[in-house]
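Good morning, and thank you for coming.

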Amino acid sequence: MPPNAQQPQLTTESLQQHIQGQLTDKVVLVTGAGRGLGWGVARALALAGAHVAVTDIVLTNVTRTVQQISQFDKAPGEPMGRVLDTADRTSMVEAISAIIERWGRLDAVVHCAVNMPLARFIDTPQASFWKQLEVGLGGLVHATQLALPHMTDGGHIVTIASGSSLRGYHDESVYCAIKHAQEGLIKSLALEWAHDDINVAINSMGPGKPIKPTRLTWDELEALPAETTSTWVDPLLLGGAFVWLLSQPPKQFCGLRFDAGPIIDAMAADGFEFAAAPERVTLYPDDFKERLEWMESYTFD
């Protein structure tokens, strides 16, 4: 591309053209699908043909997402809505049982649910500290352990990354601890599953572009002025990157961190089957390469 050429941008219409049919009849559980990035991911997966289990801890959020998926003109994927507290293992058992009863399979889990009050560490009550851990990290553990037995033909488990996965931020001590811990779990499970020949990928995916802050509710979002929200990317577009990742062979990228922004830019420029160099799929290509090198050089004692 010439130096001053305009970078092609993904639109809702071009996204549909790229992802249509990529996940036909796949079954995906999305936690935290009632708003934010999870809301965009659930809708994109449905547009790609997946049957999506839309879950959130708030019933009205679940209903909103299911209704929006049902209104798509070209969404062969069938939604199912369910209230789910990811901190509650019994709730996760019941959700996955309902998925298997309805569709007879589970191909992927995208864990977007998070509890994220902003507060200084010294001002964080113990109950809040553990609740945040149970939702963010515990939810990933519950989903992974309970979904894995159903992924006998291969599958994907994806959780959400951010700058907090690599750095610290004030008022986000618990959230940063969760995101760091998720990455450690992903790295370790990638090694274990390679050794045990388990055909399931576990990854993280950051937004990679500005989006609505996680903590904002629908009412708070709708009250904001347009000049505040105009620079935020539609989570539906970022959901296209999750479609791309879930369409890849599980063993190809297990254990790696991705970012949706660079992926949808690559997709806009070169189509769905773009060449997946580290610089085109993450904001942190050095981390991507280091993980590959570590996994390739690792020896089991």
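In which loop does Asp25 lie? Asp25 is in the loop that runs between helix 1 (12-19) and strand 1 (27-31); helices (H or I, at least four residues) and strands (E, at least two) are DSSP runs, numbered from the N terminus.

Before going further, a word on the source. This is a predicted model, in which local features need pLDDT of at least 70 and side-chain atom pairs count only at pLDDT 80 or more, while totals for chains, interfaces and linings use all residues. Residues are numbered from 1 along each chain as its sequence is written, and side-chain values use heavy atoms, with hydrogens and water left out.

Asp25 is not a glycine, yet it has a positive phi of about 70°. Most residues other than glycine have a negative phi. Asp25 is partly exposed, its relative accessible area being 44%; the term buried stands for under 20% relative accessible area, exposed for over 50%, and partly exposed for what is in between (1.4 Å probe, protein chains only). Asp197, in the loop between helix 6 and strand 6, also has a positive phi, of about 55°. Asp197 counts as exposed because its relative accessibility is 57%.

Gly208 belongs to the loop between strand 6 and helix 7 (218-222), and is partly exposed at 24% relative accessible area. Leaving aside residues up to four places away in sequence, Gly208 touches Asp259, Ala260, Gly261, Pro262 and Leu283, where contact means heavy atoms within 4.5 Å.

Next, helix 5. Why does its end-to-end distance agree with its number of residues? Helix 5 (residues 126-147) has 22 residues, so at 1.5 Å a residue it should span 32 Å, and its end C-alpha atoms are 30 Å apart, which agrees. The expected span is 1.5 Å times one less than the number of residues.

Finally, the spaces. On a 1 Å grid over the protein atoms alone, a cavity is a set of points where a 1.4 Å probe fits but cannot get out; a pocket is an open set with protein on both sides within 12 Å along at least five of seven lines; and lining residues have an atom within 4 Å of a point. Grid points are joined across faces, edges and corners, and a volume is the space filled by probe spheres set on the points.

The structure holds 1 cavity of 30 Å³ or more.

Of its 15 lining residues, Ala190, Ala194, Lys251, Cys254 and Met295 are the closest to its centre. Helix 6, helix 10 (250-253) and helix 13 (285-297) each give two or more residues to this lining.
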